[in-house]
Amino acid sequence: MNKQSERFDREKYIFAALFDVVNKLQILGDRELKDSGVTTRQWFLTLLIQQMEPEAPSIGECARQMGTSHQNIRQITKRLEDRGFLRIQTDSKDRRTQRLYLTQLCRDFWNSRNMEDITFISELFNEFTAEEIKNLFVSVEKLQ
């Protein structure tokens with residue numbers, strides 16, 4: 001097997017394995033969050049909004065960042081809004097754009113879970129050395 005073929009085989013494996021990892025992470029995350037009534041996708045959206053602050057992101061911006069459809073984000077935001085975690089407001093400059101704001105209830109909820117979430121994430125990566133974490137971080141960053 002030549003080097004180019006070997007590389008391509010590894011790239012295909014990585015591509016497929018990433019799908020598998022994403023599915024497993026969502027299952028594990030949903031299991032961890034089950035008692036809270038929040039899904040992993042909802043958690044991810046609240047995290048994304050928090051990272052984009054102080055500017056309130058639009059539904060479209062969140063859809064692009066999460067790699068999903070506007071409609072999918074709309075469904076997630078509706079559930080978060082119903083729960084009191086999110087406020088959706090029409091942009092004052094562009095009436096077609098809806099901005100997303102986290103509520104204090106949402107912030108308080110995630111702050112109350114802080115130690116649980118630290119433990120969950122730490123356990124996911126406890127088999128990795130510091131060097132492996134650094135390399136994985138760099139590699140994932142390149143994929144984004």
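Helices (H or I, at least four residues) and strands (E, at least two) are DSSP runs, numbered from the N terminus. The model is predicted, so local features need pLDDT of at least 70 and side-chain atom pairs count only at pLDDT 80 or more, while totals for chains, interfaces and linings use all residues. Residues are numbered from 1 along each chain as its sequence is written, and side-chain values use heavy atoms, with hydrogens and water left out.

**View A. The loop between helix 2 and helix 3 is where Pro54 sits.** A cis peptide bond links Glu53 to Pro54, with omega at about 15 degrees.

View B. Ile59, Gly60, Cys62, Ala63 and Met66 are its buried ones (under 20% relative accessible area; exposed is over 50%, partly exposed in between; 1.4 Å probe, protein chains only). Look down the axis of helix 3 and these fall within an arc of 160 degrees, so they line one face of the helix (the arc is that of the directions from the helix axis to the C-beta atoms). Arg64 and Gln65 are exposed on the other side.

View C. Leaving aside residues up to four places away in sequence, Cys62 touches Leu45, Leu48, Ile49, Pro57, Ile73 and Leu100 (contact means heavy atoms within 4.5 Å). The buried residues of helix 3 pack against helix 2, helix 4 and strand 2.
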